[in-house]
Amino acid sequence: MAKRHNSHLPLSEALNEFIKENKLQKGMDKVDTRQAWVNLMGNGVNNYTTGVELKNETLFVSLSSSVLREELSLGKTKIIAMINEELGRELVKKLVLR
């Protein structure tokens, strides 16, 4: 049984501590990255997005449109910068569109 702390702790700090103790940060990063893609790309791109997956520092995005894939490949560095800005840290180093 976990030991109780008598001091008051904000919920955000308690959740961050829980994530750190249980080594859940990688999973949270995957979820946050997927949500950042949805927020930044909008409905037009999201309609053709079939999968978003973060492995190590590489973001793999599956698209059903080859034309859109080619169009997005021209702005890979800008997309990486936008996603990292949305996440608030350098999490994505490489973007693979497939």
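Leu 72 touches Trp 37, Val 45, Leu 63, Ile 79 and Leu 97 when residues up to four places away in sequence are not counted, contact being defined by heavy atoms within 4.5 Å. This is a predicted model, in which local features need pLDDT of at least 70 and side-chain atom pairs count only at pLDDT 80 or more, whereas totals for chains, interfaces and linings use all residues. Residues are numbered from 1 along each chain as its sequence is written, and side-chain values use heavy atoms, with hydrogens and water left out.

Helices (H or I, at least four residues) and strands (E, at least two) are DSSP runs, numbered from the N terminus.

Strands E1 and E2 pair in the antiparallel sense over six bridges, where pairing requires that DSSP finds at least two bridges between two strands. Within this pairing, Gly 51 stands opposite Ser 62 in E2. The two strands form a hairpin with two residues between them, and Asn 56 in the turn has a positive phi of about 55°. Asn 56 is exposed, with a relative accessible area of 72%; buried means under 20% relative accessible area, exposed over 50%, and partly exposed in between (1.4 Å probe, protein chains only). Thr 58, found in strand E2, is buried at a relative accessible area of 16%, and, leaving aside its neighbours within four places in sequence, Thr 58 is in contact with Glu 53, Lys 94 and Val 96.

A positive phi near 55° in a residue other than glycine is also found at Lys 23. Lys 23 belongs to the loop between H1 and H2 and is exposed, with a relative accessible area of 74%.

A search of the whole structure finds two salt bridges, each being a side-chain nitrogen of Lys or Arg within 4 Å of a carboxyl oxygen of Asp or Glu.

| Salt bridge | N to O distance |
|---|---|
| Arg 89 and Asp 29 | 2.2 Å |
| Glu 53 and Lys 55 | 3.9 Å |

Arg 89 lies in the loop between H4 and E3 and Asp 29 in helix H2, so this pair ties together parts that are 60 residues apart in sequence. Arg 89 counts as partly exposed at 38% relative accessibility, whereas Asp 29 counts as buried at 8%. In the other pair, Glu 53 is partly exposed at 34% relative accessibility, and Lys 55 is partly exposed with a relative accessible area of 42%.

On the surface, Phe 18, Leu 24 and Met 28 form a nonpolar patch with about 260 Å² of accessible area together. Patches are made of residues with over 30% relative accessible area and no salt bridge, like charges being joined within 9 Å and nonpolar side chains (Val, Leu, Ile, Met, Phe, Trp, Tyr) within 5 Å. Phe 18 lies in helix H1 (residues 11–21) and is partly exposed, with a relative accessible area of 48%. Accessible areas come from the Shrake-Rupley method with a 1.4 Å probe, and for residues only the protein chains shown count as cover.
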